[in-house]
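Please open the structure in your viewer and keep the sequence beside it.

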Amino acid sequence: MNRIVAWSLVLLLGSTVSGLAQETGREALDAFVSSFQVDGLNVGYGSAKEEGDGLTIEDFTITYSATFAFEGEGGQPSSIAVRLDMTAPEIVAFKLRHDAGGLAADRFDFTDVLEQGGSVLIDGKPAFEFRAAIHNYRISGMVWPHLLPFPTGLKGQVRAWIDWYRVIAGFRVDVATADFVTGRFSVSEEPGGEGGFSSDVEYKDFRMEGMRDGRIALYSMGPMVQETRYQLDGAPYAETSIIDSTLVKNLNAMALFELFDPKPEGTGQRVALVESI
């Protein structure tokens with residue numbers, strides 16, 4: 001159960017944006033950075049230079065760390081510690097603006113690589129870790145909405161986290177593409193030495209279209225290679241999976257999170273999570 005909570009936190013954590021309309025891209029960026037008012041969250045950049053409609057941002061970073069305490073199995077005190085980070089050596093933002101709707105730009109070009117990572121500790125012990133690198137990442141028509149403050153805990157906070165994610169669903173992207181993506185993630189063993197594994201993955205030609213209101217109209221990627229390593233009956237094993245291409249249409253991510261909503265009412269209507277894969 002603790003692992004399910006930990007994975008949910010990794011999916012849900014993010015950042016807040018607020019502020020008034022700004023006249024220049026640099027002012028919009030500074031308003032965006034200064035608006036993050038969350039304990040454990042740090043946002044910054046090294047330098048920013050405007051040229052025409054473009055703002056070149058060097059050494060942009062976001063880091064977040066927090067520990068959530070709750071009552072575990074048998075009433076024992078338990079905790080989940082989460083750390084997330086994102087770094088981009090250079091971003092060029094075109095027509096960057098910041099107003100009552102949040103942060104928006106016509107296009108973001110990550111001219112080198114966008115790196116992301118994170119880890120989860122359960123009761124002080126490693127449970128999950130990941131690193132990813134997105135190469136030649138480009139995002140068009142992005143809107144980053146003003147978000148609610150993070151819920152302060154876990155117990156009795158399910159509705160608060162759902163409401164928080166509903167605001168995140170206001171995050172919009174017209175088109176996002178990347179030449180290729182590499183990643184590594186690992187899940188630590190359960191007590192007794194079972195359940196742990198690590199995996200390396202690489203895929204090419206990533207594309208996403210029409211992300212809004214918690215839905216994604218199209219998600220596709222080209223060739224993918226994944227190698228997974230694990231222990232079975234004390235012996236090391238490795239397996240390789242190769243997928244030629246993937247195409248997903250009309251993914252309703254919001255519907256997945258609403259399954260956890262404790263509200264008693266319902267519509268009685270069937271909801272499609274995905275149109276086709």
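Which residues form a nonpolar patch on the surface? Select Leu256, Val271, Leu273, Val274 and Ile277, which make up this patch and together have about 450 Å² of accessible area. Patches consist of residues with over 30% relative accessible area and no salt bridge, where like charges are joined within 9 Å and nonpolar side chains (Val, Leu, Ile, Met, Phe, Trp, Tyr) within 5 Å; a salt bridge is a side-chain nitrogen of Lys or Arg within 4 Å of a carboxyl oxygen of Asp or Glu. Accessible areas come from the Shrake-Rupley method with a 1.4 Å probe, and for residues only the protein chains shown count as cover.

The model is predicted, so that local features need pLDDT of at least 70 and side-chain atom pairs count only at pLDDT 80 or more, while totals for chains, interfaces and linings use all residues. Residues are numbered from 1 along each chain as its sequence is written, and side-chain values use heavy atoms, leaving out hydrogens and water.

Stay with Val271, which lies in the loop between α4 (253-258) and β14 (274-276); helices (H or I, at least four residues) and strands (E, at least two) are DSSP runs, numbered from the N terminus. Val271 is exposed, with a relative accessible area of 53%, where exposed means over 50%, buried under 20% and partly exposed in between (1.4 Å probe, protein chains only).

Next, select strand β7 (residues 125-144) and strand β8 (residues 173-187), which pair in the antiparallel sense over 11 bridges; two strands pair if DSSP finds at least two bridges between them. Here His135 stands opposite Phe180 in β8.

Finally, show the whole protein, which has 4 helices and 14 strands, and in which 39% of the 277 residues count as buried.
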